[in-house]
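Me: I would like to learn how to read the side-chain features of a model. Please take them one at a time.

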Amino acid sequence: MQHFDDIEKIQYAIAYNRDEEAYRSLFISMYKSAIHFASIITKNEEAAEELYADTMIKIWYMGDKLVEIKNLKTFIFVVLRNASLNHLKKEKKSSYISIDDIEINNIEEKSVDEFAYYQLEQLLENAVNTLPVKCLMVYKLIKNDGFSYKQTAEILSLSVNTIEGHMQNALQKIAAYLERAGMINKKR
Amino acid sequence: MLDGRFYILISRKLSSEATDAELNELNASLDADPEKRKFLEFLLRPKEDNVAMNTKAAQAFALQQLKIHLHNEAHSGKKDSTDINPSNRGRGNNLRKTWLSIIVVVAFSLSAYFFRGYLFPLKLGEEVATLKGVKSKLQLPDGTTVWVNSDSKIRYANDFGKARRDVWLEGEAYFDVKHDSKHPFVVHTAKMDITDLGTVFNIKCYPDDSTTEATLIRGKIDVSLLTRKGEHITLSPNEKLSIYLERGQMKSRITKLNELISKPGNNMPDSEALLIPETAWVNNKMIFDDNTFEDIAKTLERRFDIDVEFQQSDLKGYHFTGTFEDEDLKQILNILKVTKPFDYELNGKTLIIKE
């Protein structure tokens, strides 16, 4: 859980004081995670940027109603998820799209440099990129964005057990990948 | 301990869902198996702070602010509960000030967008970028000197000098690396990584060029090609490595530099090192050695900040040889015109080459 009490302070500042500095810091602090998240769904970074901007505008215009939100970060991701799926619906002109329908691009594996430091970063990135979509999203939301099981479940509309299953799967696959790359050895 | 259980424990730890009992269980299994500890350490490694991402975020915010203010302008005068400043009436001045500052920020952001990353020559902490027509000379924290050519970007790592010295380059730069065998100096480009082993070298890797080149003046460098895992090429002084695409395949070629310039024995003194075509730019010279008009045009584009268009494409194949130093663009073109038949038209920043 990263800086949740800070987020609450920011939330109050935006809702009651219409504090633009607080709003700006919220926008910037969530930018990277939000864009990555929306990009997985829309496959289009430009669209992800617009969707995030629109989501944050909605947040601003909630005014003092904003304090009623129990968990601002999760809420923003949920709104963003809906906006992204709606965007996909318009793009694909179909009436029903869920997270299940998202395919992942074949991400080319980047080759790995011989020096230890660079190699680890790249290996880990490669490993994560080979995960199936849902595992990838769960892994990123939990590991990179610091959401809890419950929050992740809310964002992706899944059950908490499913979330843990996906996370377990993701970690297992990453470990297997690192093993094949020779970075770790499994005890027999 | 079954592996499945291990991953569940890690998962719970990462999401802060683990109970004390579970954390103890996890620690016990990490103690029992050092490979498991290794795995967890990989996962928990801190990621590098992304300066470029924060700039992007700030620009995105500025654009979004414009949207909000436009929305407010459209609704100004109406009593609107969604207005940013509820007690707006007494604050005309403030709104105007904010509006002006938004315009400035947006103009800055938009111009940055149009330059697509070619920001004004500035130091964003650890990154330097040069516009077309601009060169830059830097000193890195370790005493290494780098000359950066026009239209290039160079960045060095946050922890530069701690264990290694990493640098990322897009464009062209000439390096005089401070010798330090304990801290490998590595230049990362899109197509290859160059490890310096105590040297002076030039790297040319502009994204819109079809070829990437590394020219070694003095010392030794090791080049690893990113598209061919594990393949390393070691260059000796006076050698130039070119990477290019041929029929969809990445090829490499090593050429010996003009033997007339190099001395017998391996080390070229610095003044002569800057007389060869590959490094002449450092002293503001342009040396063309049987280069095509197409390649020359690219060099002119970067040097004079222009766009070059060829009206007839066979003009691109003209070859020229010559050295230029202080001549301006028109003088250079007039000199080239003497040896090959062509005409040109210069309109502001666009140069048209025609018959």
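Reply: What follows goes through confidence, cores, rings, charges, cysteines and backbone angles. This is a predicted model, in which local features need pLDDT of at least 70 and side-chain atom pairs count only at pLDDT 80 or more, while totals for chains, interfaces and linings use all residues. Residues are numbered from 1 along each chain as its sequence is written, chains are lettered from A and ligands numbered from 1 in the order in which they are written, and side-chain values use heavy atoms, with hydrogens and water left out.

Me: What is the mean pLDDT of chain B, and where does pLDDT stay under 50?

Reply: pLDDT is the predictor's confidence in each residue, from 0 to 100. The mean for chain B is 76, with 75% of its residues at 70 or more. Residues 77–93 of chain B stay under 50, and the model has 14 contacts for them beyond four places in sequence, a contact being heavy atoms within 4.5 Å. Residues 111–125 of chain B are also below 50, with 26 contacts beyond near neighbours in sequence. For the complex, the predictor gives an ipTM of 0.74 and a pTM of 0.46.

Me: Which residues have the most contacts inside the largest nonpolar core?

Reply: In soluble globular proteins, nonpolar side chains tend to be buried together. A nonpolar core is a set of buried Ala, Val, Leu, Ile, Met, Phe, Trp, Tyr and Cys residues joined through side-chain atoms within 4.5 Å; buried means under 20% relative accessible area, exposed over 50%, and partly exposed in between (1.4 Å probe, protein chains only). The largest core here has 77 residues, and A:Ile174 and B:Phe39 have the most contacts inside it. Its largest share, 13 residues, comes from helix H2 (residues 20–42) of chain A; helices (H or I, at least four residues) and strands (E, at least two) are DSSP runs numbered from the N terminus. Leaving out residues up to four places away in sequence, A:Ile174 touches partners including A:Leu124, A:Tyr139, B:Phe39 and B:Leu43.

Me: Which ring has the charged end of B:Arg302 over it?

Reply: A charge sits over a ring if NZ of Lys or CZ of Arg is within 6 Å of the ring centre and within 35 degrees of the ring normal. The charged end of B:Arg302 is over B:Tyr206, 3.3 Å from the ring centre. A:Lys73 lies over the face of A:Phe147, at 5.1 Å from the centre.

Me: How many disulfides are there?

Reply: A disulfide is a pair of cysteine sulfur atoms within 2.5 Å, and the count over all chains is zero. A:Cys135 is buried, at 3% relative accessibility.

Me: What is the phi of A:Arg18?

Reply: Most residues other than glycine have a negative phi. A:Arg18 has a positive phi of about 50 degrees, and is buried at 16% relative accessible area.
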